[in-house]
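The sequence and the model come before the description.

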Protein chains: 2
Amino acid sequence: MIAPTPKPPYYAVIFTSIRSEMDEGYTEMAYQMMDSVAKMDGFLGVESAREEIGITVSYWSDIEAIKAWKKETKHKRAQKRGKEQWYDFYKVRIAKVERDYEMEKENK
Amino acid sequence: MIAPTPKPPYYAVIFTSIRSEMDEGYTEMAYQMMDSVAKMDGFLGVESAREEIGITVSYWSDIEAIKAWKKETKHKRAQKRGKEQWYDFYKVRIAKVERDYEMEKENK
């Protein structure tokens with residue numbers, strides 16, 4: 001669930017969105033995109049949650065991998081429908097992860 | 001809801017977490033942290049959503065501002081309780097936002 005990313009540096013694409021009221025085809029496309037993205041070279045993982053806003057963070061080895069995903073055919077169709085139908089607003093931020101650390105509880 | 005960040009570069013702290021079953025004091029602390037963080041120099045905004053995992057992304061003008069927040073007294077207390085009580089797992093990623101773009105629908 002939490003992406004097992006390698007040691008930095010690597011890249012994050014932070015996609016924050018507000019959904020529209022149009023729901024048709026959204027869930028199916030979301031699953032298709034999860035399948036498609038996992039096949040991309042340089043894809044490291046993805047994390048996602050939605051309440052009032054949605055946040056999806058995908059992780060990538062480098063900027064070229066992110067560019068290739070932006071141009072991928074099925075993803076381009078999804079982007080078009082996203083703009084036209086599913087989102088009232090979204091923001092995409094491309095960021096270079098410089099450091100990370102984590103905590104895992106031993107006695108859950 | 002979606003943070004109105006300035007033109008890049010700026011920094012993002014991506015905090016991804018899995019909650020424990022212990023809930024006591026969590027919501028109150030979360031509100032207190034939202035108040036405290038908003039007073040920090042260099043704080044630009046925050047976005048948050050939780051489903052199976054929680055994702056909170058805070059935005060900052062620079063690394064020094066992030067370091068100051070990590071050391072802030074109330075935040076340090078919250079971090080301690082977070083490790084001991086509220087989280088089974090978390091990961092923190094510090095990333096430099098290099099580019100961003102957005103879409104806003106005109107006819108909602």
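The model is predicted, and local features are reported only at pLDDT of at least 70, side-chain atom pairs only at pLDDT 80 or more, while totals for chains, interfaces and linings use all residues. Residues are numbered from 1 along each chain as its sequence is written, and chains are lettered from A, with ligands numbered from 1, in the order in which they are written.

**Chain A**

Chain A holds 3 helices and 4 strands, where helices (H or I, at least four residues) and strands (E, at least two) are DSSP runs numbered from the N terminus. Read from the N terminus, the elements of chain A follow the order β-α-β-β-α-α-β. The C-alpha trace of chain A spans about 40 × 35 × 20 Å along its principal axes. Of the 108 residues of chain A, 26% count as buried, a residue being buried if 20 or more other C-beta atoms, placed from the backbone, lie within 10 Å of its own. Among the contacts in chain A with a separation of 6 or more, 81% come from residues 24 or more positions apart; two residues are in contact if their C-beta atoms, placed from the backbone, lie within 7 Å.

An open sheet is formed by 8 strands in the order 2(A)-3(A)-1(A)-4(A)-4(B)-1(B)-3(B)-2(B), with antiparallel pairing, and two strands pair if DSSP finds at least two bridges between them. Strand 2 (43-50) of chain A and strand 2 of chain B are the edge strands, each pairing on one side only. From one strand to the next the twist averages 25°, with axes fitted as lines to C-alpha atoms and angles running from 0 to 180 degrees between N-to-C directions. Helix 2 (residues 63-71) of chain A packs on this sheet, where it touches strand 1, strand 2, strand 3 and strand 4 of chain A, and its direction makes about 35° with that of strand 1 of chain A.

| Strands | Bridges | Sense | One pair of partners |
|---|---|---|---|
| Strand 1 and strand 4 of chain A | 10 bridges | antiparallel | A:Ile14 and A:Arg93 |
| Strand 1 and strand 3 of chain A | 7 bridges | antiparallel | A:Val13 and A:Ser58 |

**The interface**

Between the chains, 36 residues of chain B are in contact with 36 residues of chain A. Strand 4 of chain B gives the most to the side of chain B that touches chain A, with 18 residues. The residues of that side divide into 18 nonpolar, 2 polar and 16 charged, where Ala, Val, Leu, Ile, Met, Phe, Trp, Tyr, Cys and Pro count as nonpolar, Asp, Glu, Lys and Arg as charged, and the others, Gly among them, as polar.

**Two helices of chain B**

The axes of helix 1 (residues 26-38) and helix 3 (residues 73-86) of chain B come within 11 Å and cross at roughly 150°. That angle makes helix 1 of chain B roughly antiparallel to helix 3 of chain B, since angles over 145 degrees count as roughly antiparallel. The residues making this contact include B:Tyr26 and B:Met29 of helix 1 of chain B and B:Ala78 and B:Trp86 of helix 3 of chain B, and the contact residues divide into 5 nonpolar, 3 polar and 2 charged.

Conventions. Angles under 35 degrees count as roughly parallel, over 145 as roughly antiparallel, 65 to 115 as roughly perpendicular and the rest as oblique. A residue is buried if 20 or more other C-beta atoms lie within 10 Å of its own, exposed if 12 or fewer, and partly exposed in between; C-beta atoms are placed from the backbone.
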